Amino acid sequence: MMIELLFYLALIIVAVSALISVFNLFTAPMFANRKNESTNEPFISVLIPARNEERNIGNCIDVVLSQSYKNFELIILDDESEDKTAEIISDKISEYHSNNKIKLISGKPLPNGWLGKNWACHQLSQEARGDYLLFLDADVRVKPNVLESCVYYQNKYGLQMITCFPTQLIKSFGEWLVVPLMNFLLLAFLPLRKVYSSPNKSFVAANGQFLFIDRNTYEKIGGHSAFADRVVEDMEIAREVKKAGFKLITFLGGSSISCRMYEGFTEAFNGFSKNFFPGFNIPAILFFFLLIILFLAFLLPFTLIFMNPSFLIIVLIVMMGRLFISIPSRQNLIINILLHPIQILIMLAIGVNSIYRIKTKKLKWKGRYI
């Protein structure tokens with residue numbers, strides 16, 4: 001009786017998830033290169049918070065300064081880096097000495113009640129002169145017409161905010177065990193198009209790696225200062241934007257916006273632990289219940305199949321769902337299918353670790369406790 005109950009519970013969950021995955025396969029907004037044909041060319045401030053980013057910041061500066069859209073400034077904040085970040089930025093400023101778009105500022109010490117990235121973004125916003133602000137992580141790579149495309153989308157859809165989940169560049173086995181989980185959770189449970197098309201505040205997703213927002217909107221919701229101590233500030237900003245009745249859209253990066261988010265298993269595990277539990281914005285007991293549901297639906301059937309062959313149906317639906325998610329995510333579907341049980345097991349471990357680290361304030365990121 002218990003096995004039969006588990007079968008139908010898991011079947012309902014994975015079937016709904018697969019349907020959402022199919023919906024996203026055909027409808028998820030994909031960031032594409034677009035030419036701005038409007039006479040509206042707002043001034044854009046590209047804002048990069050950089051803490052210990054020596055391996056990324058040089059390339060990031062190069063791709064930003066290669067934009068086809070010319071009405072912008074680039075401001076980088078060195079957030080008390082302990083490596084050569086500031087030195088590399090200074091060298092790039094010298095390299096582009098004829099380009100007056102780039103500016104380096106030194107971050108002030110972190111005040112009480114603030115998290116590091118939020119404080120850095122707040123300082124950047126105070127320096128910015130743009131009508132629009134693009135908060136961009138140093139590890140994100142953008143094609144030359146991304147700024148122009150943002151202006152195009154803003155004009156066409158009347159948007160106050162654009163955010164994007166970059167296409168993840170996965171280069172090690174350890175990363176394959178963790179990084180695909182982000183798009184799995186995003187595309188298996190959220191109809192991404194609804195972030196734009198539905199006024200329902202439940203349909204919200206954002207990624208602080210790439211967050212383009214109208215200056216007036218940013219100030220009306222209080223900017224980063226309104227979320228000074230929030231770990232997942234990007235989601236909080238998106239919720240407030242939607243709550244205030246403004247329009248936002250969440251894209252997948254496609255071939256235009258990409259990122260190698262983490263290098264190696266340990267960095268990926270710790271990075272996801274930082275965001276997993278806070279990102280759901282629910283009590284710990286409900287989040288733990290969610291982890292149990294994920295275990296029952298997406299992992300347990302792979303063992304119960306040996307007790308009851310009927311669970312093969314659930315396994316096949318799960319595999320199809322991973323196929324539907326891997327395609328728009330531009331990920332290797334064979335790897336995701338083969339590693340699925342291990343990925344889910346690791347996701348559960350990340351979830352438990354996320355609750356523990358956040359509740360005990362023992363989570364450390366880039367040399368700072370969160």
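How many helices and strands does the protein chain have, and which residues line the largest cavity?

A: This is a predicted model, in which local features need pLDDT of at least 70 and side-chain atom pairs count only at pLDDT 80 or more, while totals for chains, interfaces and linings use all residues. Residues are numbered from 1 along each chain as its sequence is written, and side-chain values use heavy atoms, leaving out hydrogens and water.

The protein chain has 15 helices and 12 strands (DSSP runs numbered from the N terminus: H or I of at least four residues for helices, E of at least two for strands). Of its 370 residues, 57% are buried, meaning under 20% relative accessible area with a 1.4 Å probe, protein chains only.

Four cavities of 30 Å³ or more are counted. A cavity is a set of points, on a 1 Å grid over the protein atoms alone, where a 1.4 Å probe fits but cannot get out; lining residues have an atom within 4 Å of a point. The largest cavity holds about 50 Å³, a volume being the space filled by probe spheres set on the points, which are joined across faces, edges and corners.

Its lining consists of Val-14, Ser-17, Ala-18, Ser-21, Phe-184, Ala-188, Phe-298, Ile-317, Val-318, Gly-321, Arg-322 and Ile-325. Two or more of these residues come from each of α1 (2-27), α7 (180-189) and α14 (311-329). The largest share, five residues, belongs to α14. By class, eight lining residues are nonpolar, three polar and one charged (Ala, Val, Leu, Ile, Met, Phe, Trp, Tyr, Cys and Pro count as nonpolar; Asp, Glu, Lys and Arg as charged; the others, Gly among them, as polar).

Key
1 Å grid on protein atoms, 1.4 Å probe; cavity = no way out; pocket = protein on both sides within 12 Å on 5 of 7 lines; lining within 4 Å. Buried < 20%, exposed > 50% of the residue type's maximum accessible area, 1.4 Å probe, protein only.
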